[in-house]
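Please keep the sequence and the coordinates at hand while reading.

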Amino acid sequence: MTTVPEMEDDSNKERQQAELLDKIHSLSDLELAVLLSLIAREHCLISTEPDFVEDLSKELCLTAVKTFGLTPVIVPCHSQMTLDEFAAALLVPVTPPSSPQPNNSHNNYHTHRSVPSGSGSYFSKHNNVPGSSSSARPPSQQQQQQQVRATQIANVILAQNLDHAPRAVQIQALELLRTRRLLSRTSVHTAPKQLLFVAVVGAESGGQARVTHHLNDFLYLAHWHDPEDGFAYLEEQAEEGWASRMGIMGLGNNDNNGDDGDDSAYAKADDDRASIDSGSSVVKRGTGTGMGSITNSGLIQESYHSALGGPGRFGSGLGAGAAGPSLSPQLTFHSNDLTAVDPTSGEPQPPLLSDSEIAHLAHLAQHDVSVDIDVRRYQMNIVAFLRMHRAVSGGVTPQATKHFEQLMRSLAPLHGLDFVTPALVGLAAKKVYLHRIEIVASPERERSMQWGSELSAVEAMLEGVGPEEVIEDVLGMVAVPQ
């Protein structure tokens, strides 16, 4: 017989689960791509049109801070970038507090923690630990300078235009992701427990966004962001001119020259068009609840509609309501950290999703999600058909199959499911193979040519075919389990 406390515990768990799903369903496509990478503790490639790469990097920077409470850094890459320049750009300053700070459990990435003895995340010769003899007296000017020099690898690394960087730099990035260590001429830095590396690339389509071969295969998923879908956080901050005035780490400059202009392509866009876009396709969060209107969230909606057999919880009515006066948190510096601060109270704003909630989703994906044998066969058939497609010359690797499995499992908890549906398998295939599939370089190399196919027929077959078309073609050919 079920006791009253057990019933109350079950009720609380159901309520917490419902609240978590509400938060997830309020996320934009970009936020969902980041969330899926954090759940799997993997890394991703996010692309957009070349003119909007800078704006995409800023949007992801704000997403890391406001949605996930992580410390981001934007690393602008270029063809002349050196290994030392790349390594230095990944580090963010850490200044230990001179006096004890109150413990903010909900914002532990934004509070300044002392450097414990033997910490693998800090490699400074001068770490003043509170409670030691050196911290008992007021620090001298030299000690203060030494404290400011303490650095660590950022939680979220946004490698802007990574495809422009030299091959050696991209290989160093791969080595960081594999070993979770950053080697420089003078020191060794260990990556933080929560590390997300995002290659932010400009391309004409998602299938054209690539980095060097081995790093490309190591990246978990790819997401193409259409500029017409807008940049939600940038729009919220547009009137404040935050980017030019604050000089976010690796972005803009810190010189207070009074210039509040933004030279990015998005800032130069027509105000009327931006207003229309923001009203039709961008998440707008209201005050207090963390929920807002959303009418274009393909990353979750596409699978949600087909998986659950209905229009989903995002009907047109949800997106029709007008938001009230904006009280969104403003982005400010707080003791050398980029922190979301509530403008009404001045207190640090907790992230929308906490570490414990992300860890809970990861646990559900790994241990509670089941895959039926028919769904598993469907997954393997997709892999086989992709590998044998006439337009494909490579990219369907064992690493991709592993990521395919991870992603379709991670998608299930986001929809409140404890099993994988065929729709989730199809959605996972689109995200895992978008940046991996390699199209036959020339018609002469298409495999049927060795059996006498006509060159003109092969040319016609390959014309206009990219990774997106190949994936759609395969999903149309493979029988879906009933």
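Predicted model: local features only at pLDDT ≥ 70, side-chain atom pairs only at ≥ 80, totals over all residues.

## The parallel sheet

E2 is mostly covered, since 4 of its 5 residues are buried.

E2 and E5 are part of an open sheet of 5 strands, whose order is E2-E5-E8-E1-E9 and whose pairing is parallel. At its edges stand E2 and strand E9 (221–224), each of which pairs on one side only, and the twist from one strand to the next averages 20°. Strand E1, residues 44–48, runs parallel to E9 and is joined to E9 by 4 bridges; serine 47 stands opposite tryptophan 224 in E9. As a general point, strands of a sheet pair through backbone hydrogen bonds, either parallel or antiparallel.

## A helix across the sheet

Which strands does helix H2 lie across? Helix H2, residues 29–40, lies across E1, strand E8 (196–202) and E9, and its direction is at about 175° to that of E9.

Two packed helices are described by the angle between their axes and the distance between the axes. For helix H13 (residues 355–368) and helix H15 (residues 398–414), the axes come within 8 Å and cross at roughly 120°, so that H13 and H15 are oblique to each other. The crossing in which H13 passes H15 is right-handed. On the H13 side the contact is made by Leu361, Leu364, Ala365 and Gln366, and on the H15 side by Arg409, Ser410, Pro413 and Leu414; by class, the residues of this contact divide into 5 nonpolar, 2 polar and 1 charged.

Helix H14 (residues 373–388) and helix H18 (residues 467–477) have axes that come within 10 Å and cross at roughly 130°, which makes H14 oblique to H18. Here too the passage of H14 by H18 is a right-handed crossing. H14 contributes Tyr378, Ile382, Phe385 and Leu386 to the contact, while H18 contributes Val470, Ile471, Val474, Leu475 and Met477. The contact of H14 with H18 has 9 nonpolar residues, with no polar and no charged ones.

Leaving aside neighbours within four places in sequence, histidine 435 is in contact with Ala209, Arg210, Asn216, Leu219, Tyr220, Leu221 and Ala222.

Alanine 457, by contrast, is located in helix H17, residues 455–462, and is partly exposed, with a relative accessible area of 46%. The C-alpha atom of alanine 457 is separated by 9.2 Å from that of proline 443, a residue 14 places away along the chain.

## The chain as a whole

The secondary structure of the protein chain comes to 18 helices and 15 strands. The chain has 482 residues, of which 49% count as buried. Among the contacts with a separation of 6 or more, 77% are between residues 24 or more positions apart.

Notes
Residues numbered from 1 in each chain as written. Heavy atoms only, no water. Axes fitted to C-alpha atoms, helices over the stretch in contact; angles between N-to-C directions. Helix = DSSP H or I, 4+ residues; strand = E, 2+ residues; numbered from the N terminus. Parallel < 35°, antiparallel > 145°, perpendicular 65-115°, else oblique. Left-handed = near helix turned anticlockwise from the far one by under 90°. Contact = heavy atoms within 4.5 Å. Nonpolar A, V, L, I, M, F, W, Y, C, P; charged D, E, K, R; others polar. Buried < 20%, exposed > 50% of the residue type's maximum accessible area, 1.4 Å probe, protein only. Pairing = 2+ DSSP bridges.
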